[in-house]
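Here's a quick briefing for anyone opening this one up for the first time. Have a look at the model below, then read on.

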Amino acid sequence: MANQDDQFKKVVSHAKEYGFVFQSSEIYDGLSAVYDYAQNGVELKKNIREYWWKAMVQMHENIVGLDASIFMHPTTWKASGHVDAFNDPLIDNKDSKKRYRADVLIEDYVAKLDDKIEKELVKAAKRFGDSFDSVQFLATNPRVIGYKEKGEAILKRMGKSLGEENLTDVKALIEELEIACPLTGSRNWTEVKQFNLMFGTKIGASADTSMDLYLRPETAQGIFVNFSNVQKSGRMKIPFGIAQTGKAFRNEIVARQFIFRMREFEQMELQFFVRPGTQKEWYEKWKQTRLKWHLSLGLGKENYRFHDHDKLAHYADAAADIEFKFPFGFKELEGIHSRTDFDLASHEKFSGKKLQYFDPELNEHYIPYVVETSLGLDRMFLAVFSNSLQEEELENGTMRTVLRLPAVLAPTKAAILPLLKKDGLPEIARKIMEDLKWDFNVDYDEKDAVGRRYRRQDAVGTPFCITVDHETLADDTVTIRYRDTMAQKRVKISELGDIIREEVDVKKWLMKM
Ligand code: GAP
């Protein structure tokens with residue numbers, strides 16, 4: 001656990017030190033769970049967004065994009081169910097005055113049971129040495145079985161109580177488990193209450209004409225309310241999809257784990273409209289397609305898993321998360337939901353406008369069913385960034401910090417470094433940069449010894465360093481250094497564009513899907 005914490009602290013401090021992510025309004029002591037993307041972060045985020053957009057929109061002739069407003073008519077959120085049901089159960093500690101999500105307190109308790117299982121496993125592995133069979137141990141050790149059963153029973157009871165809105169039982173569970181305020185150890189709790197996560201605001205200047213609005217808590221509704229507009233203007237035939245990326249806002253009670261859970265974040269969502277009755281098939285298809293997209297980035301197959309939901313949201317007939325192994329364990333990265341016709345039917349009811357599709361093959365009108373894929377861009381950023389940050393010991397015994405970002409996503413593709421600040425080397429380096437910058441985001445750096453410049457580029461994930469030296473003056477060749485292997489090669493200046501393109505080309509990466 002200490003190790004995981006250390007690793008995560010390194011991720012957060014590296015993101016700040018190297019200009020990826022800053023706390024919002026830091027000079028005023030920051031704003032909790034709100035972050036700003038700095039010079040390198042904004043490039044990485046943009047590249048992830050583009051990688052998603054290319055795969056989802058450009059590569060599918062039956063998927064089109066949309067950029068709907070953040071402000072929407074307030075009835076949208078009544079129809080979508082967010083006004084009535086977009087709640088988290090919260091509980092306050094009367095002594096510390098701290099507010100918690102009741103379900104998270106309980107989940108953290110269960111996570112501690114999982115830690116205990118992990119410890120038993122480590123102890124037993126040490127005891128039995130090479131002959132240790134971890135699968136058998138987990139299935140038969142009475143203590144492990146006890147922890148597992150206890151955890152499962154707790155989660156089952158919590159799920160049932162939350163599902164039935166039995167908040168008294170959620171509090172009873174917290175008391176029975178003797179869960180204390182993590183800050184003070186106090187067990188003096190209030191009742192559990194539901195708390196709506198939407199941020200409210202107002203539109204209009206005068207008190208009588210102003211209207212109460214919400215900042216959208218998901219981008220999906222902008223797609224649903226535009227379903228007919230897009231379908232008709234684009235002459236779209238079912239099955240087809242509408243994709244969108246954009247900001248969403250949630251007044252999260254538990255705001256922690258850096259950019260994992262933010263109050264202002266960005267989503268990349270697809271709503272895929274299908275014929276009723278075919279949703280299961282499309283749901284399975286999108287689950288696999290989305291997993292393949294993740295795997296194409298090469299962060300390691302073992303770092304992903306599906307979590308199929310037992311408890312479904314009010315709009316879904318099937319749902320799964322793609323979970324990723326973050327520094328603090330496996331957590332939801334992306335959600336895939338079979339949303340039935342809930343949203344379109346509800347908007348039809350609340351707006352009084354028909355949101356149907358005429359299927360020429362069946363010769364009938366119907367409200368399409370929807371399969372949704374919903375990925376948090378910031379969460380994806382954290383997955384890529386934390387997985388890529390590595391420390392390695394070099395042959396000479398020194399340590400190197402390297403951000404092994406997938407080259408296609410790297411903020412800067414190449415750095416051009418004149419070996420010395422004289423003899424005409426900076427001029428040639430700048431000329432190379434002028435040429436490459438039409439196609440790639442490149443950087444020029446002439447400060448410090450070249451070894452230190454390499455390390456700076458390693459730390460921000462630049463896949464290539466190009467060094468101009470005295471040999472360049474004679475034969476138009478430069479040294480190209482590869483970030484991951486640190487191998488160096490002498491190449492012609494005229495070959496640089498092709499060498500870089502070969503590694504960073506989106507097509508090459510997406511073809512791995
Ligand atoms: N339209 C469906 C929807 O919004 P969700 O599971 O609530 O579903 C989808 O959110 C994804 O958005 C999550 O898998 C996660 O990646 C991201 N997300 C949700 N809440 C977030 C938050 N507070 N901060 C960062 N990302 C968040």
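Between domain 1 and domain 2, zero residue pairs are in polar contact, with both residues at pLDDT 80 or more (a pair of N or O atoms within 3.5 Å; within protein, one must be able to donate a hydrogen and the other to accept it, and residues adjacent in sequence count only if both atoms are side-chain atoms). This is a predicted model, where local features need pLDDT of at least 70, side-chain atom pairs count only at pLDDT 80 or more, and totals for chains, interfaces and linings use all residues. Residues are numbered from 1 along each chain as its sequence is written, and side-chain values use heavy atoms, leaving out hydrogens and water.

**Where the domains meet**
- About 730 Å² is buried between domain 1 and domain 2, and carbon and sulfur atoms give 65% of that (buried area is the accessible area, with a 1.4 Å probe, that two parts lose on being put together, summed over both).

**How the chain is divided**
- An automatic or database domain assignment gives domain 1 (42-76 + 197-386), domain 2 (87-195) and domain 3 (398-510).
- The centres of domain 1 and domain 2, taken over C-alpha atoms, are 30 Å apart.

**Around the ligand**
- The ligand has 20 residues around it, and the closest are Glu-218, Glu-269, Glu-332, Leu-333 and Glu-372 (a residue counts if one of its heavy atoms lies within 4 Å).
- A polar side-chain atom of Glu-269 sits 2.5 Å from a ligand nitrogen atom.
- Phe-260 has a backbone N or O atom 3.4 Å from a nitrogen atom of the ligand.
- Leu-333 puts a polar backbone atom 2.7 Å from an oxygen atom of the ligand.
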